[in-house]
Amino acid sequence: MKEQLEKIKQEALSALIGAKESAELEALRVKYLGKKGELTAVLKQMGKLSAEERPVIGQLANDVREKLTAEIEAQKKKLEEVRLEARLKAEALDVTIPGKSQKLGHRHPMYIALDEIKDLFVGMGFTSLDGPEVELAYYNFDRLNAEEGHPSRDWSDTFYFDESSRVMLRSQTSPMQVHAMETKPLPIRILAPGRVYRKDEVDATHSPMFHQVEGMVIDKGVTMADLKGTLNTLAESLFGEGTVTRFRPHHFPFTEPSCEMDVQCHKCGGAGCPTCKGEGWIELLGAGMIHPKVLEMSGIDPEEWSGWAFGMGLERTAMRRFKIADLRLIFENDVRFLEQF
Ligand code: PHE
């Protein structure tokens, strides 16, 4: 029996040393020390031994059990250390490797100009609205006092979707005036930027798609002086203090009186040059006092309320703001151009 115990001990020890995983160790523990293990099997034969032999073999069996238990524990610890070390190695972060540079885009010059406009108007209590680009002629024309037969409704100017000319791509942001009157409680102060569409050929100052920003106020006692004061503030905040503006009488079906606002040419200071086509002035926006008929159609009493509105070309504004000579640059998305802003 002594030899049997020695043999178990040697076998178990060499198996333990070769173990690579803790599951393997556990299997070995069961194999040698478990209830049905080899050591137990030997001990079960103790009855056959003589009284003198029994304590000696008992002692030896205990020594073997202790030795193997200790060895299993030691081996377990070692495996854990190896595992931890491998993990640390795998997860190591080399902070000396140079970083990957991220290419960041930046804002388009037209949107820089729009953000400046929004900032100014939000500061004056205006809310910015989004609206549909596919619009009913009813909102784009009828409700803006441009009835059937009005020249602006012409097929040669407008992208219609149907023969009956009911659905169209909006030709101006002005229908947002009506949407605001229908959905907002009075008084109203809104700004409505967005794309508009007209059948124009592309050249240095025209595109069939361009951007406008509409502004509108309806309140009690609003006058043309408020309109001029606000638009002058806008011109100075965009183009610098002392920017000279000019208001010319004009006609729009939905405002009365109506005007257009020009800013003095930044290139020639009003003398006339190629940038302003010899005019000395650059046209920026249309505006006016909201026509009483337009207010009435939206259920607003023109005896009690009055308002003004303007519609400004955003590309033109950006061109004046950043001294850009050709409208096409705004849409071409040439990085060499865009990187300059
Ligand atoms: N919608 C007009 C245009 O596109 C501009 C405008 C807006 C005029 C608001 C008056 C009031 O030309």
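This is a predicted model: local features need pLDDT of at least 70, side-chain atom pairs count only at pLDDT 80 or more; totals for chains, interfaces and linings use all residues.
## Basis

Local features need pLDDT of at least 70, side-chain atom pairs count only at pLDDT 80 or more, and totals for chains, interfaces and linings use all residues. Residues are numbered from 1 along each chain as its sequence is written, and side-chain values use heavy atoms, with hydrogens and water left out.

## Ligand shell

The ligand is surrounded by 14 residues (a heavy atom within 4 Å of it). Gln172, Ser174, Arg198, Gln212 and Gly311 are the closest. By class, 5 are nonpolar, 7 polar and 2 charged (Ala, Val, Leu, Ile, Met, Phe, Trp, Tyr, Cys and Pro are nonpolar; Asp, Glu, Lys and Arg charged; the others, Gly among them, polar).

Strands β5 (209-219), β8 (281-290) and β9 (306-313) each give at least two shell residues (DSSP runs: E, at least two residues, for strands; H or I, at least four, for helices). β9 has the largest share, 3 residues.

## Ligand contacts

Ser174 places a polar side-chain atom 2.8 Å from a ligand nitrogen. Arg198 has one 2.9 Å from a ligand oxygen. For Gln212, the distance to a ligand oxygen is 2.9 Å. The protein covers 91% of the 330 Å² of accessible area that the ligand has on its own (Shrake-Rupley method, 1.4 Å probe).

## Largest cavity

There is 1 cavity of 30 Å³ or more (a set of points on a 1 Å grid over the protein atoms alone, where a 1.4 Å probe fits but cannot get out; lining residues have an atom within 4 Å of a point). The largest cavity holds about 40 Å³ (the space filled by probe spheres set on the points).

Its lining includes Ala12, Leu28, Arg29 and Ile72. Helix α2 supplies the largest share, 4 residues. The lining has 7 nonpolar residues, no polar and 1 charged.

Technical notes
A polar contact is a pair of N or O atoms within 3.5 Å; within protein, one must be able to donate a hydrogen and the other to accept it, and residues adjacent in sequence count only if both atoms are side-chain atoms. On a 1 Å grid over the protein atoms alone, a cavity is a set of points where a 1.4 Å probe fits but cannot get out, and a pocket is an open set with protein on both sides within 12 Å along at least five of seven lines; lining residues have an atom within 4 Å of a point.
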